[in-house]
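Q: I would like to go through this model term by term. Please set each value against its definition.

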Amino acid sequence: MIKKELEKLLDNLKEADLSDEEIKEFVELYKNSSLDKQCECLTRKRKKLLDKIHKNEHCINNLDYLKFILENEEDKNE
C-alpha cells in the first residue's frame, strides 16, 4: 500500500468518526483486500452514526415541545 494512499484512508476514517479500534480493524481488512468485510465495517459505523442522529433528534423534539409548553403558559398568564 502506498504511504500517501494509507494517509488519505486514515484521514477519511478519522473524519468519519471511526474510533482507533475501528480504524485498526478497517486497515487490517484493507490490507487483506476483504472488500465485503470493509463494507460491513463502514455500514456498522454508518448505522451507529444514524442512531446518534436519531437520538439527538428525539432530544431536540422534546426540548422544542417543552419550550412550546412554556411559551403557551406564558401567553395564558398575560
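Q: What ground rules apply to the model?
A: This is a predicted model; local features need pLDDT of at least 70, side-chain atom pairs count only at pLDDT 80 or more, and totals for chains, interfaces and linings use all residues. Residues are numbered from 1 along each chain as its sequence is written, and side-chain values use heavy atoms, with hydrogens and water left out.

Q: What makes up the secondary structure of the protein?
A: Three helices and zero strands. Helices (H or I, at least four residues) and strands (E, at least two) are DSSP runs, numbered from the N terminus. Along the sequence the pattern reads α-α-α.

Q: How do you know how the protein compares with a compact globule?
A: By the radius of gyration, taken over C-alpha atoms; the globule rule is 2.2 Å times the number of residues to the power 0.38. For 78 residues a compact globule would come near 12 Å, but the protein has 21 Å. The C-alpha trace spans about 70 × 25 × 15 Å along its principal axes.

Q: How much of the protein is called buried?
A: Buried residues make up 15% of the 78 residues. Buried means under 20% relative accessible area, exposed over 50%, and partly exposed in between (1.4 Å probe, protein chains only). The protein exposes about 6900 Å², and carbon and sulfur atoms supply 54% of that. Accessible areas come from the Shrake-Rupley method with a 1.4 Å probe.

Q: How do you know whether the span of α2 agrees with expectation?
A: The expected span of a helix is 1.5 Å times one less than its number of residues. The 12 residues of α2 should therefore span 16 Å, and its end C-alpha atoms are 16 Å apart, which agrees. In α1, 13 residues reach 18 Å from first C-alpha to last, close to the 18 Å expected.

Q: Why are the buried residues of α2 said to line one face?
A: The buried residues of α2 are E22, I23, F26, V27 and L29. Seen down the axis, they fall within an arc of 160°, so they line one face of the helix. The arc is that of the directions from the helix axis to the C-beta atoms. On the other side of α2, D20, E21, K24 and K31 are exposed. Cover for the buried residues includes α1 and α3 (35-76).

Q: What makes a set of residues the largest nonpolar core here?
A: A nonpolar core is a set of buried Ala, Val, Leu, Ile, Met, Phe, Trp, Tyr and Cys residues joined through side-chain atoms within 4.5 Å. The largest one has eight residues: L9, L13, L18, I23, F26, V27, L29 and C41. The elements giving two or more residues to this core are α1 (3-15) and α2 (20-31). The largest share, four residues, comes from α2.

Q: What does L9 touch?
A: F26 and Y30, not counting residues up to four places away in sequence. Contact means heavy atoms within 4.5 Å.

Q: Why are K8 and E73 classed as they are?
A: K8, in helix α1, has a relative accessible area of 61%, so K8 is exposed. E73, in helix α3, stands at 38% and therefore counts as partly exposed.

Q: What marks out the phi of D17 and of S33?
A: Phi of D17 is near 70°, a positive value in a residue other than glycine. S33 also has a positive phi, about 55°, although S33 is not a glycine. D17 is in the loop between α1 and α2; S33 lies in the loop between α2 and α3. With a relative accessible area of 41%, D17 is partly exposed. S33 has 60%, so S33 is exposed.
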